[in-house]
Amino acid sequence: MNVRAAAAQVLFQVVDKGQSLSMALPAAQQNIRPRDHALLQEICYGALRYLPRLESIANALMDSPLKGKQRVFHHLILVGIYQLSFMRIPPHAAVGETVEGAQDLKGPRLRGLINAVLRNYQRNQDALDAEAMSHNAGKYGHPSWLLKLLQNAYPQQWEAIVEANNSKAPMWLRVNHQHHERDAYQALLNHENIDSSVHSQARDALKLAAPCDVTQLPGFAQGWVSVQDAAAQLALHYLQPQDGELILDCCAAPGGKTAHILERTHGCDVVAIDCDDTRLKRVHDNLKRLNLSAKVVCGDARYPEQWWQGGQFDRILLDAPCSATGVIRRHPDIKWLRRGEDIAALAELQREILDAMWQQLKPGGTLVYATCSITPQENVLQVKDFLARTSNAQLVGSELDNPGRQILPGEEDMDGFYYAVLTKQA
């Protein structure tokens with residue numbers, strides 16, 4: 001299939017049908033040549049980053065929007081505008097290939113319209129861009145509810161957060177301690193002319209100067225290294241697992257933190273639970289590649305009695321279901337799939353899971369509450385409420401008036417993440 005046609009289908013599935021990019025993109029990649037996978041990803045990610053700007057331009061260039069069965073061709077036009085505005089593809093190639101995409105989408109009669117719209121954009125690009133950027137949505141590439149939330153929560157940092165959200169995420173690696181120390185693996189990368197840098201706290205993390213295919217990484221197939229953002233790797237820094245403990249990784253899929261615990265300990269019994277059986281397949285795949293073993297369970301974290309009949313845990317990592325507003329740079333579709341009302345519903349779900357998991361923790365044990373969100377309702381306020389209603393919970397390493405650590409997107413080039421460390425008094 002024509003790559004631009006495939007991109008239009010992905011945008012249609014995400015924006016109009018509410019499917020996640022992580023589902024729609026791999027499905028579309030099956031219909032194009034492998035050598036075009038990177039181009040398809042670049043177009044889809046970029047168009048979703050700047051969707052309101054592209055929509056504004058497209059609407060200004062057409063008398064009426066394309067609807068119904070023609071809706072996918074609206075997204076094909078967005079694909080063309082994105083290429084002309086943001087990519088280094090020669091304009092004649094961007095226009096020509098996008099127009100030809102109408103053929104694969106079974107709309108050859110719309111080729112003339114698509115060509116006219118894109119040529120018109122070329123002629124009037126500066127004026128159309130300026131008009132699209134005159135509105136907050138077009139300027140910042142975020143829905144109004146999210147922009148308002150960021151402005152209220154982070155009055156000094158919201159513009160930096162928006163800029164980080166609209167940037168391309170770096171490629172972070174987690175070195176498997178069972179095979180190499182971080183510095184030793186960095187030397188292997190240097191030998192392959194792959195430049196990298198270390199992180200100030202995440203002791204197994206390396207950031208690549210430029211992303212690469214995992215097959216180029218020394219020993220990837222043998223489990224020497226995994227891809228994981230440094231912010232997610234800090235879970236180990238806060239959990240501090242010890243050899244021989246019984247540890248629960250709650251909401252564990254896709255299994256990166258489970259694996260990290262096992263890579264850094266000996267003799268631990270690790271239980272990894274998630275309610276999504278499909279996502280648990282990735283946990284099994286990751287553990288198999290890394291030659292690690294954990295008890296993987298499908299279950300609802302709110303009802304541990306349904307899936308756990310063992311003893312209480314020494315440590316629990318609760319990576320709670322969240323809005324994922326900290327990882328928008330990796331998943332730009334989050335901006336368009338989430339709604340403002342989702343935050344309150346997620347906060348209530350987190351509350352239920354947190355209360356249930358607390359009962360599974362041994363006296364003297366440690367629970368690390370984590371999210372990849374940056375909303376106060378899911379993080380600081382959630383932990384404050386928990387401490388207020390839980391008499392035997394003690395906060396560790398932070399102040400009660402501002403509990404936990406909120407990592408904002410872009411901080412030391414990390415994703416947005418939140419951690420709070422809680423211990424259970426005997």
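**Exercise 1. Find where H266 sits, and decide whether it is buried or exposed.**

Step 1: H266 is part of the loop that runs between α14 and β6 (269-274). Helices (H or I, at least four residues) and strands (E, at least two) are DSSP runs, numbered from the N terminus.

Step 2: The model is a predicted one, in which local features need pLDDT of at least 70 and side-chain atom pairs count only at pLDDT 80 or more, while totals for chains, interfaces and linings use all residues. Residues are numbered from 1 along each chain as its sequence is written, and side-chain values use heavy atoms, with hydrogens and water left out.

Step 3: Buried means under 20% relative accessible area, exposed over 50%, and partly exposed in between (1.4 Å probe, protein chains only). H266 has a relative accessible area of 56%, so it is exposed.

Step 4: Leaving out residues up to four places away in sequence, H266 touches D243 and G244; contact means heavy atoms within 4.5 Å. D243 is 23 residues from H266 along the chain, yet their C-alpha atoms are separated by 5.0 Å.

**Exercise 2. Describe how domain 2 meets domain 3.**

Step 1: An automatic or database domain assignment gives the bounds: domain 1 (3-141), domain 2 (143-168 + 234-425) and domain 3 (170-228).

Step 2: Domain 2 and domain 3 each give 21 residues to the contact.

Step 3: About 1800 Å² is buried between domain 2 and domain 3, and carbon and sulfur atoms give 38% of this area. Buried area is the accessible area (1.4 Å probe) that two parts lose on being put together, summed over both. On the domain 2 side, E263, R264 and R289 supply 38% of the area buried against domain 3, more than any other three residues.

Step 4: Three salt bridges are counted between the two domains, where a salt bridge is a side-chain nitrogen of Lys or Arg within 4 Å of a carboxyl oxygen of Asp or Glu. R264 forms a salt bridge with D204, with the closest N and O atoms 2.8 Å apart.
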